[in-house]
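Please walk through the model below, starting with what surrounds its ligand and then turning to a pair of helices.

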Amino acid sequence: MGTVAILGAGTMGETLLSGLIRSGRPAGDLVVTARRPERADALAAQYGVRALSNTEAAQTADTLVLVVKPQDMGLLVDEIRDHVSPGNLVVSLAAGIPTAWLESRLPDGVAVVRVMPNTPALVDQGMAAVSAGRSADAAHLEEASELLRSCGRVVQVAEKHQDAVTAISGSGPAYIFYVVEAMIEAGVVLGLPRPTATELVVQTLFGAATMMRETGQHPTVLREQVTSPGGTTAAALRQLDDHKVRAAFITAMEAAANRSHELASGHE
Ligand SMILES: NC(=O)C1=CN([C@@H]2O[C@H](COP(=O)(O)OP(=O)(O)OC[C@H]3O[C@@H](n4cnc5c(N)ncnc54)[C@H](OP(=O)(O)O)[C@@H]3O)[C@@H](O)[C@H]2O)C=CC1
Ligand SMILES: O=C(O)[C@@H]1CCC=N1
């Protein structure tokens, strides 16, 4: 695959970088950039990769992974445009930014793949969705997928679904952490020591996730197995329904998808 440059190695960029290293990608084939030189230098020291400027990275690498915030993408693309050629693959991990906008700012024929990853990639349990731009063929899509498979699972989606993907799996870990926080707080309210409440909740979440993965059963079936007639779970679930928690989740994810769409404004 040649040299891979991660342009804008913040939280998500470092997550991908660490996954590539864990999967055995030679550090010598990896390049990082950041706005602050000290950030890029710290990553270079920690992972043994090269810290370069954006233009040097674009001149050096075969695959350019753009991981700056959507609002910073314009400046970055302006900076690298003259150093990108149709031999390069450009992979964007930014929420909201359409491939058509990147293609319009890059030289003709440059292949662009849009990806929505998530942070569990840090523990090789990432979920990423990839979509091909106009000039990207199956080989480009496979190359981008291979990058993301270094730290989790990958699906292909039509680009029109990327706002929904962002709302569900891109932002998804945050909703789960939010639920976990609430359950730990409930344990503390009920008198449990905080470390005990934390262990109970985290293992319960891990167990429930593993059950869904390993049994392949629908979550409704698994939930019903826990819900004894007239029992404790039914009493709790009734409260969640009364407080419209299911509806709140749906509304929240609609807001995330709408925000992803908004982030594209000015990038049409
Ligand atoms: N965090 C997440 O869970 C996910 C994030 N994403 C996407 O990933 C992207 C980055 O998000 P995240 O990692 O959270 O944000 P961060 O702020 O952690 O990282 C952004 C990085 O971009 C760098 N940067 C900004 N401008 C430039 C520039 N002109 N040249 C080089 N580097 C630059 C910053 O450098 P410095 O540190 O020096 O300021 C920083 O390291 C976003 O587009 C987001 O939509 C997608 C899925 C999940
Ligand atoms: O919050 C955000 O905008 C980014 C995109 C998905 C997860 N984090």
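Helices here are DSSP runs of H or I with at least four residues, numbered from the N terminus. The model is a predicted one.

With helices numbered in that way, α1 is the one that gives the most to the shell around ligand 1, supplying 3 residues. Both α1 (11-22) and α4 (73-80) contribute at least two residues each to this shell. The shell counts 28 residues, of which G8, G10, R36, A94 and A95 come nearest to ligand 1. Sorted by class, the residues around ligand 1 are 14 nonpolar, 9 polar and 5 charged.

The next topic is the packing of two helices. Two packed helices are described by the angle between their axes and by the distance between those axes. For α8 (residues 172-189) and α9 (residues 194-215), the axes come within 9 Å and cross at roughly 140°. Angles over 145 degrees would count as roughly antiparallel, and α8 and α9 are therefore oblique to each other. The crossing of α8 past α9 is right-handed. On the α8 side the contact is made by V180, M183, I184, G187 and V188, and on the α9 side by R194, A197, T198, L200, V201, V202 and L205. These contact residues comprise 9 nonpolar, 2 polar and 1 charged.

How far apart are the end C-alpha atoms of α8? They are 26 Å apart, which agrees with the 26 Å that 18 residues should span at 1.5 Å a residue. After α8 comes G191, which has a positive phi, near 100°.

Methods. Residues numbered from 1 in each chain as written. Chains lettered and ligands numbered in written order. Predicted model: local features only at pLDDT ≥ 70, side-chain atom pairs only at ≥ 80, totals over all residues. Axes fitted to C-alpha atoms, helices over the stretch in contact; angles between N-to-C directions. Parallel < 35°, antiparallel > 145°, perpendicular 65-115°, else oblique. Left-handed = near helix turned anticlockwise from the far one by under 90°. Contact = placed C-beta atoms within 7 Å. Nonpolar A, V, L, I, M, F, W, Y, C, P; charged D, E, K, R; others polar. Near = placed C-beta within 6 Å. Expected span 1.5 Å × (residues − 1).
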